[in-house]
Amino acid sequence: MRHLRKTGWAALLGVAFAFMGSGVAEAVTITVDENGHGTIDSFSMPFSLQNDPGLGGLANVLTYSMLNPPNLTAGDVLITDTGALNDVVRFNPNEICSGGTGCLVFYSDNVDGFDALGDTPSPPGAFYANTVTIPEIGTDTNNFATYTPGAGQPGFVPGFVVNYTFLSDVPTPTPEPATLAILGGALLGFGLLRSRRRRV
């Protein structure tokens with residue numbers, strides 16, 4: 001993690017430049033959710049809740065550091081569910097977040113209440129002129145959208161094919177009954193041990 005944060009996309013660019021002569025761009029996979037879990041390939045993306053400096057941006061919005069992507073294209077990805085605007089993913093190339101420049105801002109809907117870090121009272125008050133609309137896929141409790149920008153589209157990084165996955169309404173894992181039984185047994189054992197030590 002530290003190596004990628006220090007060098008950012010420079011480490012990936014070395015590979016990309018090697019492929020550029022052959023006309024092949026380096027593929028990168030970015031996955032983010034509404035709860036602060038994000039990765040660039042296998043590297044964690046730092047996140048924070050901060051003000052969005054983009055058009056009509058709201059305060060205290062879930063913001064991921066994209067770790068200094070070169071020439072990131074600004075814009076908004078509008079994610080719809082049965083035609084209605086659901087979530088917005090915004091790319092701010094000049095914003096500073098978690099020590100790096102170039103941020104991904106996740107505006108998640110609050111239809112199911114404010115139960116995630118990315119839930120906001122509304123989408124941004126205004127959008128970039130550069131927008132793309134994509135559909136949300138999945139069930140009400142496991143929604144996601146996939147997106148691979150072309151040149152000039154929001155989130156595009158020259159020299160790379162960036163495959164984004166935006167996870168929304170992902171169920172929080174609940175412990176299985178066997179796991180709960182083991183945890184309960186361990187707590188009971190610690191309690192008995194502590195009780196026995198007090199008597200001695």
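1. I begin with S108, which sits in the loop between β8 (100-107) and β9 (131-135); here helices (H or I, at least four residues) and strands (E, at least two) are DSSP runs, numbered from the N terminus. The model is a predicted one, in which local features need pLDDT of at least 70 and side-chain atom pairs count only at pLDDT 80 or more, whereas totals for chains, interfaces and linings use all residues. Residues are numbered from 1 along each chain as its sequence is written, and side-chain values use heavy atoms, with hydrogens and water left out.

2. S108 counts as buried because its relative accessibility is 1%, where buried means under 20% relative accessible area, exposed over 50% and partly exposed in between, with a 1.4 Å probe and protein chains only. Leaving aside residues up to four places away in sequence, S108 touches E34, D87, G118, D119, T120 and S168, a contact being heavy atoms within 4.5 Å. V89 lies 19 residues from S108 in sequence, and their C-alpha atoms are 8.4 Å apart.

3. Which side chains make polar contacts with the side chain of S108? One is that of E34, at 2.5 Å, and another is that of D119, at 3.2 Å. The term covers a pair of N or O atoms within 3.5 Å, of which, within protein, one must be able to donate a hydrogen and the other to accept it, while residues adjacent in sequence count only if both atoms are side-chain atoms.

4. On confidence, the mean pLDDT of the protein chain is 80, and 71% of its residues reach 70 or more, pLDDT being the predictor's confidence in each residue, from 0 to 100. Residues 13-21 stay under 50, and the model has 10 contacts for them beyond four places in sequence. Residues 171-180 are also below 50, with three contacts in the model beyond near neighbours in sequence. Where pLDDT is low, the predicted coordinates should not be read in detail.

5. The secondary structure of the protein chain comes to three helices and 12 strands. An open sheet of six strands runs in the order β3-β2-β1-β12-β11-β10, with mixed pairing, where two strands pair if DSSP finds at least two bridges between them. Its edge strands are β3 (43-44) and β10 (137-139), each of which pairs on one side only. Strand β2 (residues 38-40) pairs with β3 in the antiparallel sense over two bridges, and the bridge partner of I40 in β3 is F43.

6. There are five aromatic pairs, counted for rings of Phe, Tyr and Trp (its six-membered ring) whose centres lie within 6.5 Å; planes under 30 degrees apart count as stacked, over 60 as edge-to-face and the rest as tilted. The rings of F47 and Y64 have centres 6.3 Å apart and planes at 50 degrees, so this pair is tilted. It links distant parts of the chain, since F47 belongs to strand β4 (residues 47-50) and Y64 to strand β5 (residues 61-65), 17 residues apart. F47 is partly exposed, with a relative accessible area of 37%, whereas Y64 is buried at 0%. F91, Y147, Y164 and F166 form one aromatic cluster.

7. The chain has one disulfide, defined as a pair of cysteine sulfur atoms within 2.5 Å. C97 and C103 form this disulfide, with their sulfur atoms 2.0 Å apart. The torsion about the S-S bond of C97 and C103 is about -115 degrees, so the disulfide is left-handed. Both cysteines are buried, C97 with a relative accessible area of 1% and C103 with 0%.

8. Most residues other than glycine have a negative phi. N68, although not a glycine, has a positive phi of about 65 degrees, and phi of N71 is likewise positive, near 55 degrees. N68 lies in the loop between β5 and β6 (75-81), and N71 is found in the loop between β5 and β6 as well. N68 is partly exposed, with a relative accessible area of 32%, while N71 counts as exposed at 62%.

9. For the chain as a whole, 39% of the 200 residues count as buried. Among contacts between residues at least 6 apart in sequence, 59% join residues at least 24 apart.
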